[in-house]
Amino acid sequence: MSAARSGTAERPAEGAGGDLLAALLDGMDAALCAFDAEGTVTHWNREAERILGWSAEQAVGKRGFSGWAARRADADEVRERLMAAMHAPGRQVHEFALLRKDGGRVLVRIQAAGVRGADGQPAGVYCAFSEVHAQIDLERSIALSEALFEDASWGVVLVDVDLRPAVVNTRAARAMGTGRTTALGRPLGELITQGVEEVEGALQHVLAEGAPRGLVELWVTLRGGDGDDRRRCWRSGFVRLASPLAEEPVPLGVGWLFQDVTEAKLAEQEADRLRFRCSQLHRAGAAAAECEDPMEAATVLLDFAVAGFADHVLLDVTADEQRLVRAAATPAGAPGPVAPVAGGGVPVPYADNHPALQALARTGPVRASATAAARPRAGEDWASERRWPRDAAHALCIPLRSRGRTLGIATFLRSSARPAFERPDAVYAETVTTRLAASLDLAGVTTGE
């Protein structure tokens, strides 16, 4: 095997071919050395010099490592094991403690493979080696990468500089409702319908400025689902990926790690909502207790109840079993306090199937909402037909019961920008109307009294 230096050798390669070989050896990140069939060092590159401290001039031409790069007690074993690769198929991996020029010892991992000459006969051995701790670090990095994309409890997505998924792990694919390969190369907008702007904004920030200091909670709605079951909260962390081979950091994309915390966030929101409503009930009771007029106390109760709960509230009292008279309401055109209706006494012309009359007949709560198809154009007609403010899209009608009688109906209304009333909302509204009915009973506002 001809000798060449990553620099010099005993028989330096001649011409451009030798210069190219020397340049290639010196430019490699791995430490490289080679031995001829007699065990003499023929090649030694700059990375080998960096690890062990011996220059090419000092290494090339030496027989084995004895007396310079290995202790004499170990040198024969090192030489035999390395040269054995000349007659063995494939590569052989060994770990040796070699000597640095300064006298220190370093544990290296060597991959050795045989070299054959033009006649097909064994001509020597070439070796690639690195410090064991560096190799272990590399293996750990590879193992971590594999674990993240196979067994991680977090969703992991590698996003390229065009903000398209390049790698998706199993948990992330499951969270997005897609397959690991199906999501690759697709715009995020094809996977996420609402919240994609926030996600892409976070990714662009990481590419430009680096990762934020803390975790970010992103609410997204996934494509392909119906209702709120596809709205999820992902607690996300980001890392910017840069090439380790470039002289200056070149962004390769973003590592996005997230965990679905929807259930915890919904429970937290529900706890906050309950605390707020309990506080409102307490304040409402204290404020109503200071009112001399029971009807004023009723409007005060509604003022506290509607805050954060509904956009409008209507209070209708019974004229008879089939008719209701408007007693108080919030302003229809703009936000304002609940106030008694001047000139009352005329029954509200509700249609026979009106939700308020249904609640009156059932003596139980009734919920109603404009259909999704009706809201963009006919939502106002839906509300107007029911004698409600034009922006109403969701209604909750609660009968006011006291001493075994129905005294009226309280109707809570929300606009289309807010969610429909649910069962927990009805429970809260019934708690409010129980107190409200007691005030109305005390006020004696029914026709019978």
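## A walk through the model

Reader: Which share of the contacts between residues at least 6 apart in sequence joins residues at least 24 apart?
Author: Contact means that heavy atoms lie within 4.5 Å. Taking the contacts in the protein chain between residues at least 6 apart in sequence, the share that joins residues at least 24 apart is 51%.

Reader: What kind of model is this, and from which number are residues counted along each chain?
Author: This is a predicted model, in which local features need pLDDT of at least 70, side-chain atom pairs count only at pLDDT 80 or more, and totals for chains, interfaces and linings use all residues. Side-chain values use heavy atoms, with hydrogens and water left out, and each chain, as its sequence is written, is numbered from 1.

Reader: How many helices and strands does the protein chain have?
Author: Helices (H or I, at least four residues) and strands (E, at least two) are DSSP runs, numbered from the N terminus. By that rule the protein chain comes to 12 helices and 17 strands.

Reader: How much of the protein chain is buried?
Author: A residue is buried under 20% relative accessible area, exposed over 50% and partly exposed in between, with a 1.4 Å probe and protein chains only. Of the 449 residues in the protein chain, the buried ones make up 43%.

Reader: Why is strand 16 described as largely enclosed?
Author: Strand 16 covers residues 392-402. It is largely enclosed by the rest of the structure because, of its 11 residues, the number buried is 10.

Reader: Which strand is joined to strand 16 by 10 bridges?
Author: Two strands pair if DSSP finds at least two bridges between them. Strand 15 (residues 366-369) pairs with strand 16 in the antiparallel sense over 4 bridges, and there R367 stands opposite L396. The antiparallel partner joined to strand 16 by 10 bridges, residues 405-415, is strand 17.

Reader: Which residue in the turn of the hairpin has a positive phi?
Author: Strand 16 and strand 17 form the hairpin, with 2 residues between them. In that turn, the residue with a positive phi of about 50° is R403.

Reader: Which residues of strand 12 point the other way from H312, L314, D316 and T318?
Author: In a regular strand the side chains alternate between the two faces of the sheet. Strand 12 (residues 312-318) is mostly covered, with 7 of its 7 residues buried. H312, L314, D316 and T318 point one way, and the other way point V313, L315 and V317.

Reader: What is the bridge partner of V313 in strand 17?
Author: Strand 12 runs antiparallel to strand 13 (residues 324-329) over 5 bridges, with T318 opposite L324. Strand 12 also pairs with strand 17 in the antiparallel sense, over 6 bridges. There, the bridge partner of V313 is F412.

Reader: Which strands stand at the edges of the open sheet of 6 strands?
Author: The order in this sheet is 7-6-11-10-9-8, with antiparallel pairing. Two strands each have a single partner strand, so one side of each is left without a neighbour in the sheet: strand 7 (165-168) and strand 8 (192-194).

Reader: Which residue stands opposite V157 in strand 7?
Author: Strand 6 (residues 155-159) and strand 7 run antiparallel and are joined by 3 bridges. In this pair, the residue of strand 7 that stands opposite V157 is V168.

Reader: How are helix 9 and helix 12 oriented, roughly parallel or roughly antiparallel?
Author: Axes are lines fitted to C-alpha atoms, for helices over the stretch in contact, and angles run from 0 to 180 degrees between N-to-C directions. Angles under 35 degrees count as roughly parallel, over 145 as roughly antiparallel, 65 to 115 as roughly perpendicular and the rest as oblique. The axes of helix 9 (residues 294-306) and helix 12 (residues 423-443) come within 8 Å and cross at roughly 165°. That makes the two helices roughly antiparallel.

Reader: How many residues in the contact of helix 9 with helix 12 are nonpolar?
Author: Residues in this contact include L301 and F304 of helix 9, and V432 and L436 of helix 12. Ala, Val, Leu, Ile, Met, Phe, Trp, Tyr, Cys and Pro count as nonpolar, Asp, Glu, Lys and Arg as charged, and the others, Gly among them, as polar. The contact has 1 polar residue and 1 charged residue, and the number of nonpolar ones is 14.

Reader: Is S55 buried or exposed?
Author: S55 lies in the loop between helix 2 (46-52) and helix 3 (56-59). Not counting residues up to four places away in sequence, S55 touches W44 and E49. Its relative accessibility is 15%, so S55 counts as buried.
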